Amino acid sequence: MPKLVLTYFDFDGGRGEPARLALQIGGVPFEDRRIPGQEWPKLRDQMPFRAMPILEVDGKVIAHSNTIIRYVGRLAGLYPKDDWQAALCDEAMDAAEDIGTRIGSTIQMGPEEKKKAREALVADALPRHLETLEARLKAAGGEYFADKRLTVADLKVYGWIRWLRSGALDHIPKDLADRVAPLLVQHFERVAAHPKVAAYYQGRKKA
Ligand SMILES: N[C@@H](CCC(=O)N[C@@H](CS)C(=O)NCC(=O)O)C(=O)O
């Protein structure tokens, strides 16, 4: 197994979290390097795309969350071997990334601009993204996005639904996903109840 160092912000969510979860679930050893927000400006220019997460693999670096998740998903046994199932897995991860990008674009905004932008997202783009993602889950059988089992796609979607429902996002009602995509919420609960996911967050509470 290569020596892995995953670098991301110091919170239990965002684009770095699915890779952390996948490695943990797969029992793959890695260094979980968590960067406090105040240290970010001085690290930024060292990152290949001036953003996190990054993954070091035996000292070599890859970036972009879905690339990292696919890579660690293979190591952890959580990425489909079948090409078609892998494509379904990728599709769900890219769709989840669209949601993250929409919300991410509002994070640095000032209070008024943020309110306006997020209200617009709630009125149109977010329900559309959630409904379409839900339809793809349904098409795959309703339980998992690919391979009829837990894959990294489920971990990624779980992460964004967790964030949306957390109440941490001003101007985005925390019941939005419950109202527009109840199957996605059931999926979120299914992933949260996975023994290794539940054990991981129990452990994080104590950390
Ligand atoms: N496409 C990239 C986006 C990376 C990205 O925007 N990361 C955010 C954190 S989730 C970041 O590093 N923000 C700090 C900054 O842009 O200065 C990915 O999927 O990893």
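Contact is taken here to mean heavy atoms within 4.5 Å. The structure is a predicted model, in which local features need pLDDT of at least 70 and side-chain atom pairs count only at pLDDT 80 or more, whereas totals for chains, interfaces and linings use all residues. Residues are numbered from 1 along each chain as its sequence is written, and side-chain values use heavy atoms, with hydrogens and water left out.

In soluble globular proteins, nonpolar side chains tend to be buried together. A nonpolar core is a set of buried Ala, Val, Leu, Ile, Met, Phe, Trp, Tyr and Cys residues joined through side-chain atoms within 4.5 Å, where buried means under 20% relative accessible area with a 1.4 Å probe and protein chains only. The largest such core comprises 56 residues, and L126, L130, L155 and L184 have the most contacts inside it. Leaving aside residues up to four places away in sequence, L126 touches I99, I103, L121, L164, I172 and L176. A second, separate core of 8 residues includes Y8, W40, M47 and I54.

Helices (H or I, at least four residues) and strands (E, at least two) are DSSP runs, numbered from the N terminus. Helix 3 covers residues 65-76. Its buried residues are S65, N66, I68, I69, R70, V72, G73 and A76. These pack against strand 1 (4-9), helix 1, strand 3 (54-57), strand 4 (60-63), helix 4 (83-104) and helix 6. After helix 3 comes G77, with a positive phi near 75°.

The largest pocket holds about 510 Å³ of space. Of its 18 lining residues, Y8, F9, R15, I107 and Q108 are the closest to its centre. Helix 4 gives the most to this lining, with 3 residues.

The second largest pocket holds about 150 Å³, and its lining consists of R15, F49, A51, M52, P53, A63, H64, S65, N66 and E97.

The count of cavities of 30 Å³ or more is 1. About 40 Å³ of space lies in the largest cavity, which is lined by G13, G14, R15, E17, P18, K156, G159 and W160. Helix 1 (17-26) and helix 6 (152-164) each give two or more residues to that lining.

How values were computed:
On a 1 Å grid over the protein atoms alone, a cavity is a set of points where a 1.4 Å probe fits but cannot get out, and a pocket is an open set with protein on both sides within 12 Å along at least five of seven lines; lining residues have an atom within 4 Å of a point. Grid points are joined across faces, edges and corners, and a volume is the space filled by probe spheres set on the points. Buried means under 20% relative accessible area, exposed over 50%, partly exposed in between (1.4 Å probe, protein chains only). The expected span of a helix is 1.5 Å times one less than its number of residues.
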